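Here is a guided look at a predicted model, taken one region at a time. Keep the viewer open and follow along.

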Amino acid sequence: MKEPLRKSVLAVGPFHPLQEEMEFFQLTVEGEKVTDINVRLSYNHRGIEKLSETLQFDQVPYLVSRVCGICSASHPLAYVQAVEEIAAVKPPERALYVRTIINELERIHSHLLWVGLAGHFIGYDTVFMWAWKYREPVLDLLEEITGNRNNYGNVKVGGCREDIPDELKPKILQELDQIEKKTEMLTKAVLDDPVLHARLKGVGILKKEDGIKYAVTGPTARGSGIAIDVRHDDPYAAYADLDWKVISQPEGDVFAKAVVRLLETFESIKMVRQALAKLPKGPVAVDVKEIPPGEGCGHAEAPRGETFHYVRSDGGNRPVRHKIRAPSYVNVPSFKASCIGADIADVTLTLAAVDPCYSCTERIAVVDGHNAVIHDDEELLRLSREKTARIRKDLGAPEMKLEGL
Amino acid sequence: MQQNELDRQLSQIRDRLTGIDRKADNRIFLPCESEHVYEVCRFLFSELGLRFVISTGIDAQDCFEVLHHFSDDESGCVVTVKAFIRDREVPELDSITPLIPGAEWIEREMHDLLGIRFRNHPNLQRLILADDWPEGVYPLRKEVQT
Amino acid sequence: MSIVNHQSSIINRLQLWSLKKSVWVFHVNTGACNNCDIEIVNLLTPKFDVERFGIKLVGSPRHADALLVTGVGTRQAAKCLQEVYRQTAKPCVVFCMGACACGTGIFEGAYHVAGPVDNIIREVDPNAIIAYVPGCPPKPQAMIMGVVKALSALQPKEKYATERVGQTVVADPG
C-alpha cells in the first residue's frame, strides 16, 4: 500500500543565505510541491512613516532614501514630487533631466545586481561575478556625480541639490559605451544558453489575471504581459521628452522577467545618453518657502516597480501623514499565486524573480513551524543548484558562452 | 481612459460619494462615508479596471480616514477613495481583500498600526509589529509619541 | 568564552592565530536598508575580492569567526541577533557595519528600533569584542580596512592586547 504523502513545512529564514534581509517564509509542501505559503514580516520594520512626521519637509528625503538602499533614488523622488504637488511647485527643466539621469543610472546597476543574484541562485556564479563587476563603474559614476555610491541625497523639494557638471559628460558617455558592450555580451550569453532556457522557462509563472488581482508592478508585472510603467503612464521628471519603449513579455515566467530586466537596461542606457545630450542650461532648483495645507501623491518607477508616496500637510513645517509604498509590498505577495504547485527547488528562484527588496517592504517574515519537519535553510539553495546541474547533464553539459567578458 | 470618459464613468457612483474632487488632470479624490467604501472600490476595480496601488490609514483627530489609492494607467490618473470612519471608539471598515487579494497586507498593517478592524478580512493577524509589541498600542495614532 | 580572559596559553594563541589567518564571516541583517548588505556582498566580487585575504562568507554562525552586522536592531530582530551571537564560535569579533549598526543612524527614536547593535550584544555578553565601521554605507574599502584594523589590534604578541580587548576599535572610513 502506498504511504500517504507527508505534509511538511519548510522554514526559509530568518537568515537565508540567498537573501540579504531576514525573512521567514513558511512553506507547506506535499512531496516536492508547494501547497501553501505564509509570510511573517517584522524584522525590518523600523517605523519610518511615524519618524517622518517628526522631521521637517526638507529633511525627509534623507530619511526615505534609506528606506531601501537600491531604490534610494526613487523613494526621495516620489516623495518630493508629492510635496511639489501640494505646493504647486515646478522644478526647473535642468533639474528634471538630472533626476532622470540619476534614476536611470540606478536602474542599470540594480538590474545588473538582480542578474547576478539570479545567476548565483541557480549555480551560475560566473554570471554573478561578472554582473556585479560591471555594475561597479555605474556606482563609481554615481559617486562622482553625487558623492556617494548609494544614498545619493540628490533631490530636494523644488529640484536637485547638485548639478551634473558638463565636464563629466564625456566620461559618463564613455562608461556607458563600455557598460552597454558588456551588458550585450551578458544578455547574449544568458538568452542563448540552452540550460538557462530549460531552467528558467515555465518556472514561477504569474498569470496576468493573478498579477492584476495582486496589483503587481514593475518587471514583475511587465513580465506577465501587464505593460504598465509610471514613466510612460504618468510621466514625471524628463521622461516625456525622451524616446524609449516600455518592455514587456507575455509569458510570466522567470525567463520573461529576466528578459524584461536585461532589455530595460539597454533602454536606460539610451535614456541617459539622450538626457545628457538634451540637458538644458539653467538652475537646478527653485526656492520653496512653505508648504501650504493639502495632500499630494507622488510616484516613480523604481527598478522593482512603482514607488508611491502620499503626503498630507496642514501648513506647518512637517508632514502630518506620510505614506510610503514600495514596489515589493505588492510584488512579494504575488508569490502565493506563482508558487503554489511549484517545485521546492524553484521556490527561491521564483521569489528572487520579483526582485524582492524587503527593506522596502519593511519586513521580513517569521513564522513558527508548529508540528512541522523543518529542513535545513541551505537546503533550498542546494536543491536549486542541483536542479540546474541535472538539466545541464541532460543537455550534454554545454558551457555558457561568456567570451569577451 | 481619457479624462472626460473617466469623469463620465465616475458620475455613475456619485450617489455613493460625498463629492468628486478633481485636484488636477491626473489626481482625483472621492470622499465617501465608510459604509459605501466597498461598493465604490468594487466599481473602480471590477468595472473600470483601475489598478489598486495601496491604502493609507490616517488618524485625523476627529475621525479615522482610510484612503484607497487606485491608478488608471491609461491616462496616468490616480483616483483616491477617501473613506471616513466616524466612530473613533470602535473603528471598523469593510475589507476590500475579498475583492482585491493585493490589499491583504496593507489592511493587516493598518490594523497593526492604527487599530482599525477590517470586516470580512480573511486573515487579520499581526503583520509588521514585533511578537512582543504590546496589544492596544497603535503607533500611528497621534496619541503615541515616537 | 570571551577573549578578555585570554591567558598566554598555547591553545588561546592558536585560536587567535587562526582568527587572524583567515576570517570566516557570517552576515546578519538586523533591520537595514540593504546598502551595507550589498556592499558586503560586493566584497566578494572581482573588484574587491576579499577571498584573496582569506575572508569567506559562511552560511552558518557556528562556522564564523566574525559577525558582520548591519541594521538598526529592530525589536523583532534583536532576539535573533542575540541567538546568532550565542551560536557563534568564540572567540569572535562583532563588526557593526554602517551608521545604523554603530548607533541607529538616521532611525534614532523610531518606535520599532531596539538597537543599537552593541547594546543588544552586550546584553548577552558584556565583554564582547565589538568593532565599528561607520558610513552610510561604508565603502567596501572602509569595510576591509575595518576588518584588518580590528584584527591587527588583537595580536597576542603585543603586551597591550589584553588591555585593548573589550575596548572598541573605530575604523576610519578613509
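## Terms and conventions

Two residues are in contact if their C-beta atoms, placed from the backbone, lie within 7 Å. Helices (H or I, at least four residues) and strands (E, at least two) are DSSP runs, numbered from the N terminus.

Residues are numbered from 1 along each chain as its sequence is written, while chains are lettered from A and ligands numbered from 1 in the order in which they are written. This is a predicted model, in which local features need pLDDT of at least 70 and side-chain atom pairs count only at pLDDT 80 or more, whereas totals for chains, interfaces and linings use all residues.

## Chain C and its helix α5

Chain C has 7 helices and 6 strands, and along the sequence they follow the pattern α-β-α-β-β-α-β-α-α-β-α-α-β. Of its 174 residues, 53% are buried (20 or more other C-beta atoms within 10 Å of a residue's own; exposed means 12 or fewer, and partly exposed lies in between; C-beta atoms are placed from the backbone). Among the contacts in chain C with a separation of 6 or more, 80% come from residues 24 or more positions apart.

Helix α5 (residues 117-124) of chain C has C:Val117, C:Ile120 and C:Ile121 buried. Seen down the axis of α5(C), the buried residues fall within an arc of 95 degrees, so they line one face of the helix; the arc is that of the directions from the helix axis to the C-beta atoms. The cover over these buried residues includes β3 (66-70), α3 (75-87), β4 (93-97), α4 (98-103) and β5 (129-133) of chain C.

Two cis peptide bonds are worth a look. One joins C:Lys90 and C:Pro91, with omega about 5 degrees, and C:Pro91 is in the loop between α3 and β4 of chain C. Another runs from C:Cys136 to C:Pro137, with omega near -10 degrees; C:Pro137 sits in the loop between β5 and α6 (140-152) of chain C.

## Where the chains meet

The contact between chains C and A takes 29 residues from chain C and 33 residues from chain A. On the chain C side, β1 (24-29), α2 (35-42) and α3 each supply at least two residues, with the largest share, 4 residues, coming from α2(C).

Towards chain B, 6 residues of chain C are in contact with 5 residues of chain B. A:Arg325, in strand β8 (residues 321-325) of chain A, touches A:Phe308, B:Val53 and B:Ile54, not counting residues up to four places away in sequence. A:Arg325 counts as buried because it has 23 C-beta neighbours inside 10 Å.

## The sheet of chain B

Chain B has an open sheet of 5 strands in the order β1-β2-β5-β4-β3, with mixed pairing (two strands pair if DSSP finds at least two bridges between them). At the edges stand β1 (21-24) and β3 (51-59) of chain B, each with a single partner strand, so one side of each is left without a neighbour in the sheet. β1(B) pairs with strand β2 (residues 27-33) of chain B in the antiparallel sense over 3 bridges.

## Two positive phi values

A:Ala215 has a phi near 60 degrees, positive in a residue other than glycine, and it counts as buried, with 26 C-beta neighbours inside 10 Å. B:Gln61 also has a positive phi, about 70 degrees, although it is not a glycine. Is B:Gln61 buried or exposed? B:Gln61 counts as exposed, with 9 C-beta neighbours inside 10 Å.
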